[in-house]
Amino acid sequence: MPSYAFSLWRDEDGIKNVPHLTFHPHSRYSPLQPSPSALSVPTRPQVSLENPLPPKMETKIRTQLKQDYHDRKRAAHCRRMKDDWRSELRISKLKGAAAPPNAIHQSNVTSFCNKPTTFYWTATAQRFGLCPGFVFGAVYKTWCRYHKNNPPLDHEHFFANLVQITETGPKSIHGIVTAHKLLADQVATVLTRMRQESENGPGQFPDQLLPHYHLLQLSRAIIVIYDEFITPDFVLEPRFLIFLDKEARRQQVLLVLTGDDHELSAPIIFDSIRSESLPIAKETSSTVGKPYDMIR
């Protein structure tokens, strides 16, 4: 067995926390190993053992390291998704009555991949130009809970990509659905072109990652429309904790079937949850322009 160099933080119960483990001499930067600068922790002295660790201690160390790595990976994923939802530079926008011809390109196509739906945020629900942080937090928490706190973190998996609809964007359900279909077609076209380019030589996107990015057929069939902002029942202050479950129950969205479900294994039916849905305002249904199955 190789020798180990690691940091131990001990208490009366044994190993409390084991943040670093380096395998010598073969490893350099493994997924479980932080950068060299992170290895120097003055308050946790380095201990070197030339002899193999006891099996139980080694198992405990490996378990702790894997959990630490997963926690760091999840935090990084959360920051990336939060940027996609709240960063002015990264958020997708619909500024016209329909999706522009070149709205999707290689720099933003992956935002629409590996997500079962798209979250359309209308102008009537916008405050201060950014998606409220508690809305993203509630969505992210619910998504993690659905996956039993072990969600897929690779390749930008998430519940939905957010698309902001500006004042000049589509205002009817029919207009949003039409724009969504155009966006989905553009995503599929760009992904096909990127795969063709990768077959002919190295492209701008890493070829080894490209096979992991897909436009899910479910995302064509159903969309989420956030059309009404309900003022949260809290005052945001520094170090103030928000009970996300309570605020999530106060917010409302529309779930709309686009009719583009021909490639699904079975149609989506709202009948089992329709009795638990909220009434849809007449002004909302009157702007549909075409009958769509939807619930609030």
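Reader: Which residues of H3 are buried?
Author: This is a predicted model, in which local features need pLDDT of at least 70, side-chain atom pairs count only at pLDDT 80 or more, and totals for chains, interfaces and linings use all residues. Residues are numbered from 1 along each chain as its sequence is written, and side-chain values use heavy atoms, with hydrogens and water left out. Buried means under 20% relative accessible area, with a 1.4 Å probe and protein chains only. By that cut-off the buried residues of H3 are Phe134, Val135, Phe136, Gly137, Ala138, Val139, Tyr140, Trp143 and Cys144.

Reader: What covers the buried residues of H3?
Author: Contact here means heavy atoms within 4.5 Å. Helices (H or I, at least four residues) and strands (E, at least two) are DSSP runs, numbered from the N terminus. The cover includes strand E7 (117–121), E9, helix H6 (244–250) and helix H2 (55–86).

Reader: What distance does H3 reach from its first C-alpha to its last?
Author: The expected span of a helix is 1.5 Å times one less than its number of residues. H3 covers residues 133–146, which is 14 residues. Expected is 20 Å, and the model is close to that, at 20 Å.

Reader: How far apart are the end C-alpha atoms of H2?
Author: H2 has 32 residues, and at 1.5 Å a residue they should span 46 Å. Its buried residues include Ile61, Leu65, His70 and His77.

Reader: Which residues does Leu153 touch, not counting residues up to four places away in sequence?
Author: Leu153 is in the loop between H3 and E8. Leu153 is buried, with a relative accessible area of 11%. Leu153 and Cys78 are 75 residues apart in sequence, yet 8.9 Å apart in space, C-alpha to C-alpha. Beyond four places in sequence, Leu153 touches His70, Lys73, Arg74, His77 and Tyr140.

Reader: Is Glu156 buried or exposed?
Author: Glu156 is also a loop residue, between H3 and E8. Glu156 is not a glycine, but has a positive phi of about 60°. Its relative accessibility is 9%, so Glu156 counts as buried.

Reader: What phi does Asn149 have?
Author: Asn149 is found in the loop between H3 and E8. Just after H3, Lys148 takes a positive phi of about 55°. Asn149 is not a glycine either, and has a positive phi of about 60°.

Reader: Which strands stand at the edges of the sheet?
Author: Two strands pair if DSSP finds at least two bridges between them. The open sheet has six strands in the order E6-E8-E7-E9-E10-E11, with mixed pairing. Two strands have a single partner strand each, so one side of each is left without a neighbour: they are E6 (92–94) and E11.

Reader: In what sense do E7 and E9 pair, parallel or antiparallel?
Author: Strands of a sheet pair through backbone hydrogen bonds, either parallel or antiparallel. E9 and E10 are antiparallel, over four bridges, and E10 and E11 (residues 294–295) run antiparallel over two. E7 and E9 have three bridges, and their sense is parallel.

Reader: Which residues does His180 touch, not counting residues up to four places away in sequence?
Author: His180 is in helix H4. His180 is buried, with a relative accessible area of 4%. Leaving out residues up to four places away in sequence, His180 touches Thr118, Tyr120, Ser219, Arg220, Ile223 and Thr258.

Note on methods:
Buried means under 20% relative accessible area, exposed over 50%, partly exposed in between (1.4 Å probe, protein chains only).
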